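Please open the structure in the viewer and keep the selection tool at hand. The stops below are meant to be followed in order.

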Amino acid sequence: MKWQTLLLAFTLATFNITVFAGGENEAQVIIKKFEFIPQQISIKRGQTITWENREKRQYHSVWFEALGEEEPDYIFPDENYEREFKETGTFPYRCGPHPRMTGTVTVTD
Ligand SMILES: [Cu+2]
């Protein structure tokens with residue numbers, strides 16, 4: 001009987017994780033055809049944004065240059081980049097290799 005209880009607990013835990021991943025704590029930006037979609041995104045403080053590269057071949061980056069940060073690693077097709085926003089404000093970013101690719105994240109309470 002014990003292993004069945006364990007299995008149930010494990011199944012429930014897995015289910016909860018799945019629900020959480022698709023829940024309201026996550027926001028998504030698609031990168032396609034040299035664009036961030038949506039270009040402007042509004043989230044609540046503490047939320048995480050996932051950028052997903054849906055290009056066939058082209059790599060990009062999500063660089064918050066105005067924050068004085070170094071450019072992060074490139075995101076290759078079918079790869080993701082995640083970032084949690086703990087401060088409120090308006091945060092412009094751009095793609096390192098393609099300066100014309102820009103986006104803005106607005107974080108509110
Ligand atoms: Cu790019």
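Begin by selecting Ile49, which touches Ala27, Val29, Ile41, Ile43, Tyr81, Glu82, Arg83, Phe85 and Val105, leaving aside residues up to four places away in sequence; contact here means heavy atoms within 4.5 Å. The model is a predicted one, in which local features need pLDDT of at least 70 and side-chain atom pairs count only at pLDDT 80 or more, while totals for chains, interfaces and linings use all residues. Residues are numbered from 1 along each chain as its sequence is written, and side-chain values use heavy atoms, with hydrogens and water left out.

Next, select the core around this residue. Ile49 is among the residues with the most contacts inside the largest nonpolar core, together with Phe36, Trp51, Val62, Phe85 and Val105; this core has 19 residues. A nonpolar core is a set of buried Ala, Val, Leu, Ile, Met, Phe, Trp, Tyr and Cys residues joined through side-chain atoms within 4.5 Å. Buried means under 20% relative accessible area, exposed over 50%, and partly exposed in between, with a 1.4 Å probe and protein chains only. Strands S1 (26–32), S3 (40–44), S4, S6 (89–94) and S7 (102–108) each supply at least two residues of the core. The greatest contribution, three residues, comes from S1. Strands are DSSP runs (E, at least two residues), numbered from the N terminus.

Now display the strands. Four of them form an open sheet in the order S2-S1-S4-S5, with mixed pairing; two strands pair if DSSP finds at least two bridges between them. Strands S2 (35–37) and S5 (80–84) stand at the edges with a single partner strand each, so one side of each lacks a neighbour in the sheet.

Select S4 (residues 48–53) with S5: they pair in the antiparallel sense over five bridges. Which residue of S5 is the bridge partner of Trp51? The partner is Tyr81. Thr50 also lies in S4, and at 8% relative accessibility Thr50 counts as buried.

Finally, select the copper ion. Its protein donors are His60 (ND1), Cys95 (SG), His98 (ND1) and Met101 (SD), lying 1.9 to 2.7 Å from the ion. Donors are N, O and S atoms within 2.8 Å of the metal (3.2 Å for Na, K and Ca). Along the chain, the donors follow the spacing H-x34-C-x2-H-x2-M. Is Cys95 buried or exposed? Cys95 counts as buried, at 0% relative accessibility, and Met101 is buried with a relative accessible area of 3%.

Notes. Helix = DSSP H or I, 4+ residues; strand = E, 2+ residues; numbered from the N terminus.
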